[in-house]
Amino acid sequence: MGQIRIGRSKDNDITIDDASVSRHHATIIQTASGIVISDNGSSNGTFVNGNRINQESVLKKNDIVKLGTALIPWMNYVGFQEESNSLQTKLIKEEVSTPSPSPSPVVESSNVQNQNVQQHVIVQQVGSPSNGLGTAGFVLGLVGLIIFPTGIVFGPLGFIFSFVGLFKIPRGLAIAGFILSPLGFIISLLFWARVQ
C-alpha cells in the first residue's frame with residue numbers, strides 16, 4: 001500500500017514550512033478501504049473537517065485537512081476515480097528528481113512503494129500583504145480630519161506616511177490617507193483661523 005509522509009522536516013514527501021507542524025506530523029496511507037490519514041503523535045494535532053483525530057481517519061473526497069494551523073491540499077496527491085458506483089482512490093506521486101523544461105511525469109499507481117519515485121513539496125503559508133505606512137497615513141489623516149485641532153500635526157504626518165505608502169502594495173489605504181491628510185490639515189487650519 002502507498003503512503004505520503006507530511007511534516008516540517010525535509011525528508012517528508014510533503015514539506016510544510018510552518019511552526020505549528022511537527023517534523024513528522026502525519027501520514028496519508030492508501031488502504032484496502034480507501035485513503036486514511038494518520039497522526040504521528042504531533043504536538044498541535046491533525047484535524048479533518050475541524051475535528052481533531054486521535055490516531056487515524058478515513059478521508060472522503062473534499063474533506064478539509066489541517067495540520068496544526070496549516071491547511072493541506074491533500075487532494076492534489078490523491079486521485080479519485082468513479083467506477084461502477086464505487087469510489088476508488090489512488091495515491092499520486094510526482095517525480096521531481098531533476099528540473100526540466102518539460103512537465104514532470106505523474107505516476108499513478110495503487111502500489112507506489114514499488115515505484116522508484118521521490119517527491120518533495122514545500123508548502124508555505126502566505127499571509128495577506130499589508131502596507132503599514134499606508135495604513136498609518138490613513139489613520140493619521142482620518143484622526144486629523146475628525147478631530148479638528150489635531151489636523152495641523154496629524155495632517156502633514158499622515159501625508160508623508162501615505163506618500164511613502166503609495167510605493168508599496170496594497171495601495172488602497174495609502175491613497176485614502178493621501179487624500180484625507182491634506183483635507184484634515186486645511187480644515188484644522190480654517191478652524192484655528194476662525195477661533196483666533
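This is a predicted model: local features need pLDDT of at least 70, side-chain atom pairs count only at pLDDT 80 or more; totals for chains, interfaces and linings use all residues.
Residues are numbered from 1 along each chain as its sequence is written, and side-chain values use heavy atoms, with hydrogens and water left out.

**Figure 1. Overview of the protein chain.** The protein chain contains 3 helices and 13 strands; these are DSSP runs numbered from the N terminus, with helices being H or I over at least four residues and strands being E over at least two. Of its 196 residues, 36% are buried. Buried denotes under 20% relative accessible area, exposed over 50%, and partly exposed the range in between, with a 1.4 Å probe and protein chains only. The chain exposes about 11800 Å², of which carbon and sulfur atoms supply 58%; areas come from the Shrake-Rupley method with a 1.4 Å probe, and for residues only the protein chains shown count as cover. Among contacts (heavy atoms within 4.5 Å) between residues at least 6 apart in sequence, 44% join residues at least 24 apart.

**Figure 2. The largest nonpolar core.** A nonpolar core is a set of buried Ala, Val, Leu, Ile, Met, Phe, Trp, Tyr and Cys residues joined through side-chain atoms within 4.5 Å. The largest one has 19 residues, and Ile6, Ile16, Ile37, Val65, Leu67, Ile72 and Trp74 touch the most other members. At least two residues of this core come from each of strand 1 (3–7), strand 2 (14–17), strand 3 (26–31), strand 4 (34–39), strand 8 (65–67) and strand 9 (70–72). Beyond its neighbours within four places in sequence, Ile37 has contacts that include Ala26, Ile28, Val48, Ile53, Leu59, Val65 and Leu67.

Figure 3. Two strands pair if DSSP finds at least two bridges between them. Strand 3 pairs with strand 1 in the antiparallel sense over 4 bridges, and Arg5 has Thr27 of strand 3 as its bridge partner. Strand 3 also pairs with strand 4, again antiparallel, over 6 bridges; here Ile29 stands opposite Val36. Strands 3 and 4 form a hairpin with 2 residues between them. The structure holds 1 salt bridge, a term for a side-chain nitrogen of Lys or Arg within 4 Å of a carboxyl oxygen of Asp or Glu. Asp13 forms it with Arg5, the closest N and O atoms being 3.7 Å apart. Asp13 counts as buried at 8% relative accessibility, whereas Arg5 is partly exposed at 31%.

Figure 4. Strand 5 (residues 46–48) is joined to strand 6 by 2 bridges, and Val48 stands opposite Asn51.

Figure 5. Most residues other than glycine have a negative phi, and most peptide bonds are trans. Asn49, in the loop between strand 5 and strand 6, has a positive phi near 55° and is partly exposed at 41% relative accessibility. Asn62, in the loop between strand 7 (56–58) and strand 8, has a positive phi of about 75° and is exposed, with a relative accessible area of 59%. The peptide bond from Ile169 to Pro170 is cis, with omega near 0°; Pro170 is found in the loop between helix 2 and helix 3.

Figure 6. Ser188 is found in helix 3 (residues 172–195). At 1.5 Å a residue, the 24 residues of this helix should span 34 Å, in agreement with the 35 Å between its end C-alpha atoms; the expected span is 1.5 Å times one less than the number of residues. The buried residues of helix 3 are Ala174, Gly177, Leu180, Ser181, Gly184 and Ser188. An α-helix has 3.6 residues a turn, so residues three or four places apart point the same way. Helix 1 (132–146) and helix 2 (151–165) are included in what covers the buried residues of helix 3. Apart from neighbours within four places in sequence, Ser188 is in contact with Gly144, Ile147, Phe148, Pro149, Thr150, Gly151 and Ile152.
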